[in-house]
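Let's explore a protein model together, one question at a time. Have the picture ready and follow along.

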Amino acid sequence: MRRFLTVLLATALVAACSDSEETVGDTTPATSTPVTSEVATTATPTTAAPTTAAPTTDAATGAPTTTAATAVDPLTGRPFNVFVPSTYDEASPMPLLVLLHGYTASGAIQEAYFQFEPLAEQRGFLYVHPDGTTNVLGEQFWNATDACCGFVSTVDDSAYLKALIEQVQADYSVDPQRIYLVGHSNGGFMSYRMACDHSDTIAAVASLAGATFIDPADCVADQPVSVLQIHGTADATIAFEGDSILGRAYPSAAATVATWAAHNGCTAETQITQNALDLVVDLEGVESSRTTYTGCPAGVGVELWTIDRGNHIPARTPDMATGILDFLFAHPKQ
C-alpha cells in the first residue's frame with residue numbers, strides 16, 4: 001500500500017510540474033541545443049507585501065504547533081512558512097532543514113514529493129520549503145550556478161536563503177551545527193551554491209538530480225560541507241554524465257561528488273556498494289548503488305547514490321526521504 005501511494009504521489013507531481021520541467025530551464029532536455037530565448041530573460045522578483053504570523057501554541061506547554069509565515073526580504077517581501085514540530089522547546093536547539101524546489105515547481109509541490117513534514121514532526125526538526133522568484137514565463141526558479149537556472153537574472157538567491165536561515169535562527173532555537181539543505185534539480189544546483197557561498201553555516205546538503213559548478217574555482221567554500229548526490233542514469237533532463245543548458249555546462253554526478261571530495265580535503269579513495277538502496281518503486285529490486293569517499297576528514301561525508309535506470313523525477317520509496325535525513329543528521333558541522 002505504501003508503494004501504491006508513492007506511485008500516486010509521483011504521478012500527481014508529474015501532472016503538476018514535470019511536463020514543463022522536461023522542456024525548459026533546469027529541466028530543459030540535457031543537451032547543448034538552445035531552447036527559446038525567452039527562458040534567458042531576466043527574472044522579475046515577486047512583490048508580495050511582507051506578512052508575519054505568530055505560530056499557534058499548545059495550551060498546556062506553550063510550544064508552537066503550526067507553521068508561521070514570516071517576511072524575510074524587505075525588498076521583495078518574500079514570505080516563507082516554518083514547520084515547527086510539537087516537541088519544539090526553545091531550551092533545546094533543533095536542526096533546521098531547508099528544501100529547495102525544482103524549476104517550474106514550488107515549495108509545496110516539492111514537499112508533496114518528499115513528504116519531509118511528517119518526518120519533521122516524528123524526528124523533531126524545524127523545516128522550511130520556500131519559493132523562488134518568478135521569471136517572465138511565470139515559472140519559479142533559483143538563481144543558482146552559471147548553468148542553472150537564473151540565466152541572466154540578477155536575483156541574489158544566495159543572500160535571500162542566508163537571510164531566511166538567519167530569520168529562522170532569530171525566531172526559533174536552531175542548532176548552528178545542524179543546518180541542512182535538500183534540493184531537487186534546480187534546487188539541487190542551488191543547494192550546492194549555498195554550500196559554496198556559506199560553508200561556515202551549512203553542515204550538509206543533499207541533491208537529487210542537481211549538479212555543482214563546472215569549474216571548481218567558482219566555489220569559494222573554505223570549510224567542509226558534507227554532500228549527498230542522488231542521480232538516475234536515465235535522467236533525460238539533467239544528464240547523469242553531465243551536459244549543458246543553453247550552452248552552459250554542468251558536471252556529471254560523479255564529477256560533482258569528486259569536486260566536493262576535493263573541497264572537503266578527502267582523498268580519492270572510494271568504496272562502491274552495488275544494490276545498496278531501494279529508492280524507486282517502479283524499478284525492480286534494490287536498484288541503486290552507493291559510492292562513498294572513505295578518505296575524508298572525521299565527521300565529513302561525500303556520497304553518490306546512483307539509481308540504475310532512474311529518471312529525473314523517480315517514483316521514490318519512503319527510503320529515499322528517510323535515507324536523506326539519515327545522511328544529513330549523521331554529518332553535523334564539525
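Q: Which residues does G242 touch, not counting residues up to four places away in sequence?
A: This is a predicted model, in which local features need pLDDT of at least 70 and side-chain atom pairs count only at pLDDT 80 or more, while totals for chains, interfaces and linings use all residues. Residues are numbered from 1 along each chain as its sequence is written, and side-chain values use heavy atoms, with hydrogens and water left out. Contact here means heavy atoms within 4.5 Å. By that rule, G242 touches Y250, P251 and S252.

Q: Is G242 buried or exposed?
A: A residue is called buried under 20% relative accessible area, exposed over 50%, and partly exposed in between, using a 1.4 Å probe and protein chains only. G242 is found in the loop between β9 and β10 (243–245); helices (H or I, at least four residues) and strands (E, at least two) are DSSP runs, numbered from the N terminus. Its relative accessibility is 17%, so G242 is buried.

Q: How far apart in space are G242 and T256, C-alpha to C-alpha?
A: Along the sequence, G242 and T256 are 14 residues apart. In space, their C-alpha to C-alpha distance is 9.3 Å.

Q: How many disulfides does a search of the whole structure find?
A: A disulfide is a covalent bond between the sulfur atoms of two cysteines. In the search, a pair of cysteine sulfur atoms within 2.5 Å counts as one. Across the whole structure, the number of disulfides found is three.

Q: What is the handedness of the disulfide of C148 and C149?
A: The sulfur atoms of C148 and C149 are 1.9 Å apart. C148 is buried at 1% relative accessibility, and C149 is buried at 2%. The torsion about their S-S bond is about -85°, so this disulfide is left-handed.

Q: How many residues apart in sequence are the parts that C196 and C219 tie together?
A: C196 and C219 form a disulfide with their sulfur atoms 2.1 Å apart. C196 lies in helix α5 (residues 186–197) and C219 in the loop between β8 (204–208) and β9 (226–232), so the tied parts are separated in sequence by 23 residues.

Q: What is the handedness of the disulfide between C266 and C296?
A: These two cysteines are joined with an S to S distance of 2.1 Å. The pair links distant parts of the chain, with C266 in the loop between α6 (253–263) and β12 (270–277) and C296 in the loop between β13 (288–293) and β14 (302–307). Their S-S torsion is about 105°, so the disulfide is right-handed.

Q: What is the pairing of the bonded cysteines, numbered in sequence order?
A: Give each bonded cysteine of the chain a number in sequence order. Read that way, the pairing is 1-2, 3-4, 5-6.

Q: Is H331 buried or exposed?
A: H331 lies in the segment after α7 (318–329). Its contacts, leaving aside neighbours within four places in sequence, include Y180, A203 and S226. With 13% relative accessibility, H331 is buried.

Q: Which residue has its backbone oxygen 2.7 Å from a polar atom of the side chain of H331?
A: H331 is also 8.0 Å from R178, C-alpha to C-alpha, though they are 153 residues apart in sequence. The backbone oxygen at 2.7 Å from the H331 side chain belongs to F327.

How values were computed:
Polar contact = N/O pair within 3.5 Å; in protein donor to acceptor, adjacent residues only side chain to side chain.
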